[in-house]
Amino acid sequence: MPEQQTAEEQSNPVEEVEAFLRRRREQIAQRWADATLFRTVFTVSRDEAVEAGRAVVEALAAVAASGRVEDAEADGFAVVREQLSRTAHSRARAGATLAQISAEMDALRPSVTDLLLDDLSDVPAEHLRECTTALTVLMGTLRLVMLETTTIAGQELINRQRLELLEIATPVIKLWEGIVAVPLIGTLDSARSQVVMETLLDAVVEQRARIAILDITGVPTVDSLVAQHLMKTVAAARLMGAECIVSGIRPAIAQTIVHLGIDLSSVLTRASLADALAYALQQQGAHIVANPASPAEPR
């Protein structure tokens, strides 16, 4: 008969790690609550940091149970991705770099490894080494998941800030009753043109504007793409019941439009914002009278 294997020889290192994580969940969570990664995020209550630590330990145990310790897409990580995302957002807002967050994740491993070595001190050295390796791989995968989540969180933050800057850079000014203007400064691209259109249409509705002025004095160049965006904005404003005027077409831009063969015949244009406002006021029934220069007072 073959020699009967011992319990240590029969046990799987990954299963051993799973059992260890579930058994020592509370101790690990308590230690992690004082680590930089959790302490800098959960500043109001330490209990929140402990609870977050428990959730991560449970996720690691679930991944170990599936045997996919090297897979960042393992189902066990799904339950803590939201938690990791909140942590990543917090660290990103605090200005932490990927290198810093990676170091903070690495700092979580020694406390878990120490507990594992203490917990399995009576097992053969080879088996202990295999368990330690499995835990190290699992923690490395957790670090990868955290870095991926941080990258996504950072990109979302950049996109949100970019949108906010676009909105700030696209103010709508009420010039007169029923007359609004959008002074554009800088380069127009597809994203910004969409914001311009939405902002202008919202203003037309809110202000009940009958005339909207798009002033492009501060736009350095006008190409075919910019012209198409302007024409779409004009068409959309007309559908909302407002006449749209494009002002600020400088001589160089006018020449460029002609050379490109762009047809703006359907778009009402004026050379300057003042000319556009004067036209808009006349359309409203106002009479514009130029202020003559005051004669010099006699000495």
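**Exercise 1. Contacts of Trp-32**

Task: In this predicted model, find which residues Trp-32 is in contact with, leaving aside its neighbours within four places in sequence.

Solution. Step 1: Use the cut-off for contact, heavy atoms within 4.5 Å. Step 2: Skip the neighbours within four places in sequence. Step 3: List what remains.

**Exercise 2. The cores**

Task: State how many residues the largest nonpolar core has, and which of them have the most contacts inside it.

Solution. Step 1: Count the residues. The largest nonpolar core has 50. Step 2: Pick out those with the most contacts inside the core. They are Leu-21, Trp-32, Phe-38 and Leu-60. Step 3: Ask which elements give two or more residues. These are α2 (13-23), α3 (25-33), α4 (36-39), α5 (46-66), α6 (75-93), α7 (98-106), α8 (109-119) and α9 (125-168). Step 4: Find the largest share. Helix α9 supplies it, with eleven residues. Step 5: Look for another core. A second, separate one has 29 residues, including Val-219, Ala-236, Ala-237 and Ile-257.

**Exercise 3. The hairpin**

Task: Determine how strands β1 and β2 run, and how many bridges join them.

Solution. Step 1: Locate the strands. β1 covers residues 173-176, and β2 covers residues 179-185. Step 2: Read the pairing. The two strands run antiparallel, joined by three bridges. Trp-176 faces Ile-179 in β2. Step 4: Inspect the turn. Two residues lie between the strands, and Gly-178 has a positive phi near 85 degrees.

**Exercise 4. From β2 to β5**

Task: Follow the chain from β2 to β3, from β3 to β4 and from β4 to β5.

Solution. Pro-183 has Asp-215 in β3 as its bridge partner.

Step 1: Go on to β4 (residues 243-247), where four of five residues are buried. Five bridges pair β3 and β4 in the parallel sense. Leu-214 stands opposite Val-246.

Step 2: Finish at β5 (residues 268-270), paired in the parallel sense with β4 over three bridges. Ile-245 stands opposite Leu-268.

Key: Residues are numbered from 1 along each chain as its sequence is written. This is a predicted model: local features need pLDDT of at least 70, side-chain atom pairs count only at pLDDT 80 or more; totals for chains, interfaces and linings use all residues. Side-chain values use heavy atoms; hydrogens and water are left out. Buried means under 20% relative accessible area, exposed over 50%, partly exposed in between (1.4 Å probe, protein chains only). Two strands pair if DSSP finds at least two bridges between them. A crossover is right-handed if, with the strands pointing away from the viewer, the path from the first strand over the helix to the second runs clockwise. A nonpolar core is a set of buried Ala, Val, Leu, Ile, Met, Phe, Trp, Tyr and Cys residues joined through side-chain atoms within 4.5 Å.
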